[in-house]
Amino acid sequence: MYSSVKTNRPDGALASFMPPHEDFPGIQSLLSGGWGYEQADAIIVNNPKSGTEEMFDGMRLQTLATSLRNNLEFAAPQNEVRYFPLMHNRASQELVKGENGRYFDHLTLDVLLAREEDAAMIMQCFTAENRPVSDVLSELKDKVLLVQREFWFDVTSFLEHNWALTVKREQAELAEARKKAEEQSENEDAPEAAGEDREEHIQQ
């Protein structure tokens, strides 16, 4: 089912190849570490929201990093055949607790590839023809390859941050709900108390 494709990667850190992104200012500083082939080589996601009350969408940054690595390796100029990653789907995902309290997101992706010269035509079939992807792939099966790729991310910085904020917000919502319930209960008891006062006054 899966094909084997030789890849090359350019020299340097993965983050150094990350292009600017409007939603992630200073994006190159948000990634560090290795290329994510194994836990010891994990891509580290750095959380710029640390110490704030804002959530950080680290998973979206992970998606950008996986796309970048695939594009760099399969379309490298030194490859005998250059491939274009058409799409990828998550085959498996596991949160792994490592040493020293670190958390790792271990991803396995199914990546669909096409030769560079065929990629534009295939993408046009996906977008121009209002047909299921499976039908298009069935017709073009001789022009596409399916490979599996492994990625390791160190997600400690934003995972713990987002967890803490989620717990804090849930506690605040629970406290607010209890306060409203108490106020509603007091308001419901008030007419009864007033009625008892009037009845006592009449009897006197």
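Which residues is His 161 in contact with, leaving aside its neighbours within four places in sequence? The second view gives the reply. The model is predicted: local features need pLDDT of at least 70, side-chain atom pairs count only at pLDDT 80 or more, and totals for chains, interfaces and linings use all residues. Residues are numbered from 1 along each chain as its sequence is written, and side-chain values use heavy atoms, with hydrogens and water left out.

**View 1. Thr 66 in helix H1.** Thr 66 sits in H1, residues 58-74. Helices are DSSP runs of H or I, at least four residues, numbered from the N terminus. Thr 66 counts as buried because its relative accessibility is 2% (buried means under 20% relative accessible area, with a 1.4 Å probe and protein chains only). Beyond its neighbours within four places in sequence, Thr 66 is in contact (heavy atoms within 4.5 Å) with His 88, Leu 109, Phe 151 and Phe 153. Pro 10 is 56 residues from Thr 66 in sequence and 15 Å away in space, C-alpha to C-alpha.

**View 2. His 161 in helix H4.** His 161 belongs to H4, residues 156-203. His 161 is buried, because its relative accessible area is 12%. Leaving aside neighbours within four places in sequence, His 161 is in contact with Asn 47, Lys 49, Ser 50, Gly 51, Thr 52, Glu 54 and Phe 56. A polar atom of the His 161 side chain lies 2.6 Å from the backbone oxygen of Glu 54.

**View 3. Buried residues of H1.** H1 has 17 residues. Its buried residues include Gly 58, Leu 61, Ala 65, Thr 66, Arg 69 and Phe 74.

Note on methods
Helices (H or I, at least four residues) and strands (E, at least two) are DSSP runs, numbered from the N terminus. Buried means under 20% relative accessible area, exposed over 50%, partly exposed in between (1.4 Å probe, protein chains only). The expected span of a helix is 1.5 Å times one less than its number of residues. A polar contact is a pair of N or O atoms within 3.5 Å; within protein, one must be able to donate a hydrogen and the other to accept it, and residues adjacent in sequence count only if both atoms are side-chain atoms.
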